[in-house]
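Work through the exercises below with the sequence and the model side by side. Try each task before reading its solution.

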Amino acid sequence: MEASFRRYGFLQIKEYGRQFVEYKQLVVNFANALAMTLENQWQQECLRTANIELEKHRNNLEELVEEQTGELRKLSIAVGRAFGSVIITDKNGKIEYVNQAFCKMTGFNHAEVIGKNPQLINSGKHPKQFFQELWETILSGHRWEGEICNKKKTGNYSGSLKVSRLFWMKMGKFLISLGFQWI
Amino acid sequence: MGFRKSKNETEKVSIYGQILAAQSILYVLPTKQQLGEFVVEALGAIPGIKSAGLCIEGFSKLCKESNETCQDCPNLELLIAGKVDFFCGFSEKEGFLVIPYGSFFPTLWVSAN
């Protein structure tokens, strides 16, 4: 932080007498006090302007958040009530969300699958290479479509499900949408 | 007695009081216009000063009893533009004392490196 000199103006004294010389320094001090007052006014003005700008940004942000929250709410309702089962995992493959359809199809409830790996429903009918290719496709940013045979909680095979969509989301989550189609 | 002051001293104290009182009022005046009007009136009323004028960014109040005008003064533009090597034409006039005033204000310098 440094200090710069800001000149505000000039005080003009006309026809000052000898008497004035005695209190000239006081008038100079007076002029400096005037400069400080102007400086304060200027800073207050800057603050006022900055506050108005901040308020404007805050309102814009609030509007944006409200709009996005509305969209998310709609999406959340749509996903939650979708016929197809949906799993959302983090980048390490831990399940963060499953919808009602998933629970209905597999027999697992939310608490049983959150934090677990989708391996939970792995039927073991697919070779390791199958899943390796699947993840490579997703991680390279491409969509994977295919058929996976999954397992229910009871251990019975739930039949072959078509994975209609499996993609990498920008936010670092995997959204796995398992089609409802029985083959 | 020893406490008795001469007329001169009493007047001096009165003037000092006048200036200090005026100074303490500056902080409550909210606009440049009001500040300018007040300063010119307050200083002009002090014995020893015939009249006072003031030049602030965007505002100029000239000495009473003077037909001079600095509204067209090209230097005022320089002042507003923040040039510090500013020169007020009144300082060349006889009978005028020009007191430049300003303040130090903090500036934040940010270096790219």
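## Exercise 1: Contact range in the two chains

Task: State what share of the contacts in chain B with a separation of 6 or more comes from residues 24 or more positions apart, then do this for chain A.

Solution. In chain B, residues 24 or more positions apart supply 19% of the contacts with a separation of 6 or more. A contact means two C-beta atoms, placed from the backbone, within 7 Å. In chain A the share is 41%.

A note on conventions. This is a predicted model, in which local features need pLDDT of at least 70 and side-chain atom pairs count only at pLDDT 80 or more, while totals for chains, interfaces and linings use all residues. Residues are numbered from 1 along each chain as its sequence is written, and chains are lettered from A and ligands numbered from 1 in the order in which they are written.

## Exercise 2: Elements and burial

Solution. Helices (H or I, at least four residues) and strands (E, at least two) are DSSP runs, numbered from the N terminus. Buried means 20 or more other C-beta atoms within 10 Å of the residue's own; exposed means 12 or fewer, partly exposed in between, with C-beta atoms placed from the backbone.

## Exercise 3: The cores

Task: Which residues touch the most other members of the largest nonpolar core?

Solution. A nonpolar core is a set of buried Ala, Val, Leu, Ile, Met, Phe, Trp, Tyr and Cys residues joined through C-beta atoms within 7 Å. The largest has 27 residues; A:Leu11, A:Ala31, A:Leu34, B:Ala52, B:Leu54 and B:Tyr101 touch the most other members. Next, assign elements. β1 (2–14) and α2 (24–80) of chain A, with α1 (7–26), α2 (32–44), β1 (51–56) and β3 (96–107) of chain B, each supply at least two residues. α2(A) gives the most, six. Beyond its neighbours within four places in sequence, A:Ala31 contacts A:Leu11, B:Ile99 and B:Tyr101. A second, separate core of six residues includes A:Ile87, A:Ile95, A:Phe102 and A:Met105.

## Exercise 4: A hairpin

Task: Describe how β2(A) and β3(A) are joined.

Solution. Strands β2 (residues 85–90) and β3 (residues 95–98) of chain A run antiparallel, joined by three bridges. Pairing requires at least two DSSP bridges. A:Ile88 stands opposite A:Tyr97. Four residues separate the strands of this hairpin, and A:Gly93 in the turn has a positive phi of about 90 degrees.
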